[in-house]
Amino acid sequence: MTKMLILTGDAVEALEVFYPYYRFLEEGFEVDIASPAVKKLYTVNHDFVEGYETFVEKPSYQLDSHIAFENVRPDEYAGLIIPGGRAPEYIRIHEHTAAIVNHFLDNNKPVGAICHAVQVLAAVAGDRLKGRALTAYTACEPDVKALGAEFRKETVYVDGNLVSGHAWDDLPQFMREFLKLTR
């Protein structure tokens, strides 16, 4: 059975973790949700409110993680999804994040990064994505450029083994493209 990894933590955007998780299960994959420690994760949903110049955040569902970052053995997994929300802000500095993410990049395994996930890539990928192209939430364009990558305005963009998405409402196309890389 093929195993997939979702790398996240508290304040993950609810749709961006649940949607890939259930799509993987639906496809018959084994899935591990990894977080800094095995725990009940507190997800959030981001939405837009008239009059605000940015999104608002509301508490959402709880979700159990399956494995702590320190116990992840990346070679056991065929692909990696990094959801957005605020989780990327702090998981990017975890001592095991770089080794996990860079295993997938270095071995040309599928990597899916949606919304604010590029904050993780910008923190740990070094020059690995230099010259590549990806999309992300619009406010994360500076993070894409910090990678030496080209920011694409498309809501979903595929560059080799990297599938990137703008936000949660792009999940159907994002997951279709990611799943193509697993076949």
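Two aromatic rings of Phe, Tyr or Trp (its six-membered ring) count as a pair if their centres lie within 6.5 Å. The legends below describe close-up views of a predicted model.

**View 1. F18, Y21, Y22 and Y61 make up one aromatic cluster.** The structure as a whole contains 7 aromatic pairs.

**View 2. The rings of F48 and F55 form an edge-to-face pair.** A pair of aromatic rings is described by two values, the distance of the centres and the angle of the planes. For F48 and F55, the centres are 6.4 Å apart and the planes stand at 90 degrees. Planes over 60 degrees apart count as edge-to-face, so the angle of 90 degrees places F48 and F55 in that class. F48 is exposed, with a relative accessible area of 53%. F55 is partly exposed, and its relative accessible area is 22%.

**View 3. K109 lies over the face of the F104 ring.** The distance from K109 to the ring centre of F104 is 5.2 Å.

**View 4. H46 is a buried residue of strand 3.** Strand 3 covers residues 40-48. The relative accessible area of H46 is 9%; buried means under 20%, so H46 falls in this class. The side chains of H46 and E57 are joined by a polar contact of 2.7 Å. Not counting residues up to four places away in sequence, H46 touches E13, F55, V56, E57, G85, R86 and W168. F55, one of these contacts of H46, is also a member of the ring pair with F48.

How values were computed. Residues are numbered from 1 along each chain as its sequence is written. This is a predicted model: local features need pLDDT of at least 70, side-chain atom pairs count only at pLDDT 80 or more; totals for chains, interfaces and linings use all residues. Side-chain values use heavy atoms; hydrogens and water are left out. Rings of Phe, Tyr and Trp (its six-membered ring) pair if their centres lie within 6.5 Å; planes under 30 degrees apart count as stacked, over 60 as edge-to-face and the rest as tilted. Buried means under 20% relative accessible area, exposed over 50%, partly exposed in between (1.4 Å probe, protein chains only). A charge sits over a ring if NZ of Lys or CZ of Arg is within 6 Å of the ring centre and within 35 degrees of the ring normal. Helices (H or I, at least four residues) and strands (E, at least two) are DSSP runs, numbered from the N terminus. A polar contact is a pair of N or O atoms within 3.5 Å; within protein, one must be able to donate a hydrogen and the other to accept it, and residues adjacent in sequence count only if both atoms are side-chain atoms. Contact means heavy atoms within 4.5 Å.
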